[in-house]
Amino acid sequence: MESPGCGHLTARLPSPLEEVRDPRLGGVRLLLKREDLIHPEVPGNKWRKLHRNLARAHEAGADTLLTFGGAYSNHIRAVAAAGRACGFATVGVIRGEEQRPLNPVLEYAAGRGMRLAYLDRAAYRAKHTPEVVAGLRDRFGDFHLLPEGGSNAEAVLGCVPVAAEIDTGFDVLCCACGTGGTLAGVAAGLGPGRRALGFSVLRGGGFLADEVRRLQREAGVVGGHWEVETGYHFGGYARCTAELRAFIAEFRDRHGLELERVYVAKMLAGIYDLAARGRLRPGTTVVALVTGAAGDSA
């Protein structure tokens, strides 16, 4: 499958399912949907959220994409790669002050031709206001604006097909949440008797429930049984505690897979804890979206 107008963004779909056999799950069956394998540079939910947006930019005749993100944003990395593949110039507006040398995420983005700009945290909070956007247009010229994390109506619709690709019975579909777009889409695509569970990677992620509802309304796909877990952020975005590092190491030793730590590891650690506490009951089949590879996060 590819984005209309961009034949260089072909994805490997459906992404494969891999079962995790682990007695620590207490009878919960866990399947990993390896979204990280669908594209080498725009993996997982980044491809799902971007491909329809790129089609819209192409249809609008845009030649430049501008988006926002933190210094360790996988979205920034993915937009840089997708823009280069599809012939768009790209601008990444980064939260905070410029730091040199660039970290690996921003170095990768710059290497794909992305122009990097920086907003202090006060200005960044107002990034989508007309005043800030007008200032960016004065500086960079006309551009097609993509929101932080890529989450908008097109992104939600791009995530809706995920559940329909799963060719085995399941009860719960899990994903990590940063902006709510992936959860909004996959929940809308669920069939009867199934639910989606989003794991916030942000401290204070309670606002995500309202964001999911807003995004579903904007996309016209309100529905699905879903909820957001807020207790598995492990200190906040891009934070990694000793407990989480130990989980990542043990998972690697048991199953041979190095987990991406900003999103995927937090979701899986949450799944294991919910199973241990009986909130995921024995006999439940859980599908977890592996939305990025270990190398995607610095």
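Guide: The axes of helix α7 (residues 181–188) and helix α8 (residues 208–219) cross at roughly 60° and come within 8 Å. This is a predicted model, where local features need pLDDT of at least 70, side-chain atom pairs count only at pLDDT 80 or more, and totals for chains, interfaces and linings use all residues. Residues are numbered from 1 along each chain as its sequence is written, and side-chain values use heavy atoms, with hydrogens and water left out.

Helices here are DSSP runs (H or I, at least four residues), as are strands (E, at least two), numbered from the N terminus. Axes are lines fitted to C-alpha atoms, for helices over the stretch in contact, and angles run from 0 to 180 degrees between N-to-C directions.

The rule: under 35 degrees is roughly parallel, over 145 roughly antiparallel, 65 to 115 roughly perpendicular, and the rest oblique. α7 passes α8 in a right-handed crossing. Right-handed means the near helix is turned clockwise from the far one by less than a right angle; anticlockwise is left-handed. Contact means heavy atoms within 4.5 Å. On α7, Gly-181, Leu-183, Ala-184, Ala-187 and Ala-188 make it; on α8, Val-212, Leu-215 and Gln-216 do.

Now a second pair. Helix α2 (residues 74–86) packs with helix α3 (residues 104–111) at about 15°, their axes 8 Å apart. That angle makes α2 roughly parallel to α3. Here α2 passes α3 in a left-handed crossing. Ile-76, Arg-77, Ala-80, Ala-81 and Arg-84 of α2 touch Val-105, Leu-106, Tyr-108, Ala-109 and Gly-111 of α3.

Helix α9 (residues 242–255) has 14 residues, which should span 20 Å at 1.5 Å a residue; its end C-alpha atoms are 20 Å apart, which agrees. The expected span is 1.5 Å times one less than the number of residues. In α9, Leu-244, Phe-247, Ile-248 and Phe-251 are buried. They cover an arc of only 100° around the axis, so they sit on the same side of α9. The arc is that of the directions from the helix axis to the C-beta atoms. Buried means under 20% relative accessible area, exposed over 50%, partly exposed in between (1.4 Å probe, protein chains only). The face turned away from that buried side carries exposed Ala-242 and Asp-253. Cover for the buried residues of α9 includes β1 (17–20), β2 (29–33) and α10 (264–276).
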